[in-house]
Protein chains: 2
Amino acid sequence: MSIFKEIHQNKNSSARAGILTTDHGEVETPAFMPVGTQATVKTLDSADIKNIGSGIILGNTYHLHLQPGEDIVAAAGGLHKFMNWPGPILTDSGGFQVFSLGLQKEKKLNSANQGSLVKITEDGVAFRSHRDGSLHTFTPEIAIDIEHKLGADIIMAFDECTPDDASYEYTKEAMERTHRWAKRSLEAHQTNTSYHGYRQFLFGIIQGAGHENLRKESAKYIASLDFDGIAIGGESVGYNMEATVKIIDWVVPFLPKDKPRYTMGLGLNPTDLLIAVEHGIDMFDCVAPTRLARHGMLFTFNKENKHRLNIKNAAFATDQKPIDAWCDCSTCKNYSRSYLHHLFAADEILALRLASIHNLRFMLKLMQETRCAIKEDKFLELKNNWI
Amino acid sequence: MSIFKEIHQNKNSSARAGILTTDHGEVETPAFMPVGTQATVKTLDSADIKNIGSGIILGNTYHLHLQPGEDIVAAAGGLHKFMNWPGPILTDSGGFQVFSLGLQKEKKLNSANQGSLVKITEDGVAFRSHRDGSLHTFTPEIAIDIEHKLGADIIMAFDECTPDDASYEYTKEAMERTHRWAKRSLEAHQTNTSYHGYRQFLFGIIQGAGHENLRKESAKYIASLDFDGIAIGGESVGYNMEATVKIIDWVVPFLPKDKPRYTMGLGLNPTDLLIAVEHGIDMFDCVAPTRLARHGMLFTFNKENKHRLNIKNAAFATDQKPIDAWCDCSTCKNYSRSYLHHLFAADEILALRLASIHNLRFMLKLMQETRCAIKEDKFLELKNNWI
């Protein structure tokens, strides 16, 4: 059974509405997925995740492998039971973190001549934990095995995410290796598609950085394999929207309509979601809404201020209004800007949760209205109202 | 109208059940009051406070004066509206913090020859902020004015809390000054008992450290004034239960039955509440339950382990049980020890809230059962079951 069904193709753009069906429930798309790196969406419990209206959340395989370890999660009956979240979950394969956290630390350590932290071979990647420096190896088979034990509804193939400043030659070589790893991930998965007794869907990942011919080649190859969905990876995806739109437009024509499309790490700004939706994307995740929230940067409808306000600004100390009049989150319903300003000024932990609830609900409400607008062929009106 | 009514005097001990009636609701006693120092019970929002079954919470005048300042709280309509907590609130007078935080910092600074941070005169106390070193002055009149603006249902007279190692002479002098300040607090309050349009009740505070004759003298004097309730202050109260019981037994015979009795800062251990209740106390507050929670020390019924477990202990990594079988908090209902252990190991902020919810609900449930036992004349049975 296919995980995805397109419900409505918007008349005036590539935007489309669809539905993901998993054994832990249905998710309407386009869908923004809050990131729950270490089996918690930072500062939120599972009741909060439900209350903000999240349909699906994301967990990070790299982090969960290091702490608590997939065997402990499996012993609890999988991630859903471990964190008491009954709805759908997606885990990445750890590839992105292995490379990004490894390289960040490598840059620091190289100056102290401590050598490389990431060693890539045809078989897989050896890397050191960012927590304690212990040595670990991920191969496509190991990553899939970990994802089986974690038990997310959607799991990702193991890939190499090349930096944008890598040479064309290296990017091509890494992409071809990612393709071979994609096939191995699929084979490893097909031996065991329901470790916990429910179905796990596997998505493939398109790489190729900013090179048009590589991206198209990658799209064609990944689309040719028996994946349940297709993701678009890459360092710039979501962090450089101009480059991201180019990449999306290169690859989407090669993707089947009956598989969901997922840009990994996209969602730095609420309006970025609308741009990606317009170009045919169904799924997104990004740590930015919660990370920005923890720094007091809160989303608003206000275009003039680029849809953000800094609640730490002294102007908010006596402001009795909610963060945003359009938002319907519990923070906006129950607390004033003045109170939030105070909580940040007083270094109160509660500030981080109330702000995270707001930014996430803001993204999810925008997606809710987006889905509605697509179905009514009013997507471009909605987009023009925001951008 | 009196704030307090005794409902039932236990037959076999001084334990009694009563009710506090405020314009923001009724509170059954004996009552444990979670501490919301900076207009939030640390990590909890107002929905959490309701869900743990709290009848009344405490705010700290010293902290709220420094951040956000009483005028900002008053502009929001008082502390209830500012923090969106519709139930009863008590504020202390700031006296305890002025002396304890001042003296802590003074000890550090004296080694660097930066001079004293706390200057006591007949008029009041000049002190430096622990936040930014700015100079402030509290007098009985200023403290009461701040408490009026904060708008708690119960406010406290301004007092000097002497350290236990102060000389007899100094303790006597400070107690006599505290008595004069009590009278001035009362006079300042009587000019304006409903700043925000609802009634504020004023409690007096007995001092005298560990000296029997001073404690009795203080009890007689404070009881002779027109306060709505009587508190017992002092450095050892709540932190040395043997000394605390002695002090309680010295003063209670001098206290009228129609006024509530409040030991300030008592509640380090769940069973400490039972001891104080047995000796005739009605109200308690303590930061320990939430502070211990943030360090992973969680309350349990288990006597052998002194009613605590350290969730960071490796033994809990795979333990699928809730923290405590007796507890009915949302953390125990929804999450395992294994998950909580992981959240602490992963430095997740959520750990602090889930643990705080547990420790506070544990104290509040114990008080709920205590009230029930008193009314059925079964208090000593309950106490013997715990201690």
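This passage describes how two chains are arranged and how parts of each are built. The model is a predicted one, in which local features need pLDDT of at least 70 and side-chain atom pairs count only at pLDDT 80 or more, while totals for chains, interfaces and linings use all residues. Residues are numbered from 1 along each chain as its sequence is written, and chains are lettered from A, with ligands numbered from 1, in the order in which they are written.

With contact taken to mean that the C-beta atoms of two residues, placed from the backbone, lie within 7 Å, 33 residues of chain A are in contact with 33 residues of chain B. Helices (H or I, at least four residues) and strands (E, at least two) are DSSP runs, numbered from the N terminus. On the side of chain A that touches chain B, the elements giving two or more residues are helix 3 (70–75), helix 13 (337–345) and helix 14 (349–375) of chain A, and helix 13 of chain A gives the most, with five residues. By class, this side has 18 nonpolar, 12 polar and three charged residues, where Ala, Val, Leu, Ile, Met, Phe, Trp, Tyr, Cys and Pro count as nonpolar, Asp, Glu, Lys and Arg as charged, and the others, Gly among them, as polar. Because 100% of the interface residues of chain A are also interface residues in chain B, the copies meet through the same surface.

A residue is termed buried if 20 or more other C-beta atoms, placed from the backbone, lie within 10 Å of its own. By this criterion, eight of the nine residues of helix 13 (residues 337–345) of chain B are buried, including Arg337(B), His341(B) and Phe344(B). The buried residues of this helix pack against helix 3 and helix 4 (79–82) of chain A, together with helix 14 (350–375) of chain B. Helix 13 of chain B is followed by Asp347(B), whose phi is positive, near 55 degrees. Helix 10 (residues 270–278) of chain B has seven of its nine residues buried, so it is largely enclosed by the rest of the structure; among the buried residues are Pro270(B), Asp272(B) and Glu278(B). Gly280(B), which follows helix 10 of chain B, has a positive phi, near 100 degrees.

Strands are considered paired if DSSP finds at least two bridges between them. In chain B, strand 1 (residues 4–9) and strand 2 run antiparallel and are joined by five bridges, with Lys5(B) and Ile19(B) as bridge partners, and the two strands form a hairpin with six residues between them. Strand 2 of chain B is also joined by five bridges to strand 3 (residues 25–29) of chain B, again antiparallel, and the hairpin connecting these two strands passes through two residues. Five of the seven residues of strand 2 (residues 16–22) of chain B are buried, so this strand is largely enclosed by the rest of the structure.

Note on methods
A residue is buried if 20 or more other C-beta atoms lie within 10 Å of its own, exposed if 12 or fewer, and partly exposed in between; C-beta atoms are placed from the backbone.
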